[in-house]
Amino acid sequence: SEDVGEFAESFESGDIASSVFSTSDVLPWTVDAQIKSDGEFSATNSPTERGQSSKMTMVREFPSQGVLHFDLRSDVFMPWAMFLVRVDGDMKESVTGHAGEVQWGG
């Protein structure tokens, strides 16, 4: 099998601008040292109200198929919290809201 290496983004630089992600200009995402899953930092969205959105996007080309691992913490209820994964424009995964105690998951 072909070894294509590994791609990782952990926000450990402490700065979203130096990551592979882009964020909305209005209600941007920031790097947070208070709430984290692993390491010293995580990305967190700006607080939003009904009808507002705060988006973080990664567009990247990979030479072959792989596995996506992520940690997601949502402490609001749907439809306000959404995590979408699209590959070549096709929706592959959609996570909204949460049930029960807030937990990290991926």
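**View 1. Phe62 and its nonpolar surface patch in this predicted model.** Phe62 sits in the loop that runs between strand E4 (56-58) and strand E5 (82-87); helices (H or I, at least four residues) and strands (E, at least two) are DSSP runs, numbered from the N terminus. With a relative accessible area of 44%, Phe62 is partly exposed, because that label covers everything between buried (under 20% relative accessible area) and exposed (over 50%), using a 1.4 Å probe and protein chains only. Together, Phe7, Met58 and Phe62 make a nonpolar surface patch of about 250 Å². Patches are made of residues with over 30% relative accessible area and no salt bridge, with like charges joined within 9 Å and nonpolar side chains (Val, Leu, Ile, Met, Phe, Trp, Tyr) within 5 Å. The salt bridge in that rule is a side-chain nitrogen of Lys or Arg within 4 Å of a carboxyl oxygen of Asp or Glu. Accessible areas come from the Shrake-Rupley method with a 1.4 Å probe, and for residues only the protein chains shown count as cover.

**View 2. Thr48 and Leu27, two loop residues.** Thr48 belongs to the loop between strand E3 (42-44) and E4, while Leu27 belongs to the loop between strand E1 (21-23) and E2. The two are 21 residues apart in sequence, yet their C-alpha atoms are 7.4 Å apart in space. Setting aside neighbours within four places in sequence, Thr48 is in contact (heavy atoms within 4.5 Å) with Leu27, Ser53 and Ser54. Thr48 is partly exposed, at a relative accessible area of 35%. Check the backbone of Leu27 too: phi is positive, about 55 degrees, although Leu27 is not a glycine.

**View 3. Asp32 in strand E2.** Asp32 is part of strand E2 (residues 30-32) and counts as buried, at 15% relative accessibility. A polar atom of the Asp32 side chain lies 2.5 Å from the backbone nitrogen of Gln34. Not counting residues up to four places away in sequence, Asp32 also touches Glu40, Phe41, Ser42 and Thr44.

**View 4. The hairpin of E5 and E6.** E5 pairs with strand E6 (residues 90-96) in the antiparallel sense over six bridges; two strands pair if DSSP finds at least two bridges between them. Follow Phe83 across to E6 and you land on Val95, its bridge partner. The hairpin has two residues between the strands, and Asp88 is found in that loop between E5 and E6. Phi of Asp88 is positive, near 50 degrees, in a residue other than glycine. Asp88 is exposed, with a relative accessible area of 76%.

**View 5. The whole protein, zoomed out.** Buried residues make up 11% of the 106 residues. The accessible surface comes to about 8,500 Å², and 48% of that belongs to carbon and sulfur atoms. Among contacts with a separation of 6 or more, residues 24 or more positions apart account for 46%.

**Notes on the views.** Residues are numbered from 1 along each chain as its sequence is written, and side-chain values use heavy atoms, with hydrogens and water left out. As this is a predicted model, local features need pLDDT of at least 70 and side-chain atom pairs count only at pLDDT 80 or more, whereas totals for chains, interfaces and linings use all residues.

How values were computed:
Polar contact = N/O pair within 3.5 Å; in protein donor to acceptor, adjacent residues only side chain to side chain.
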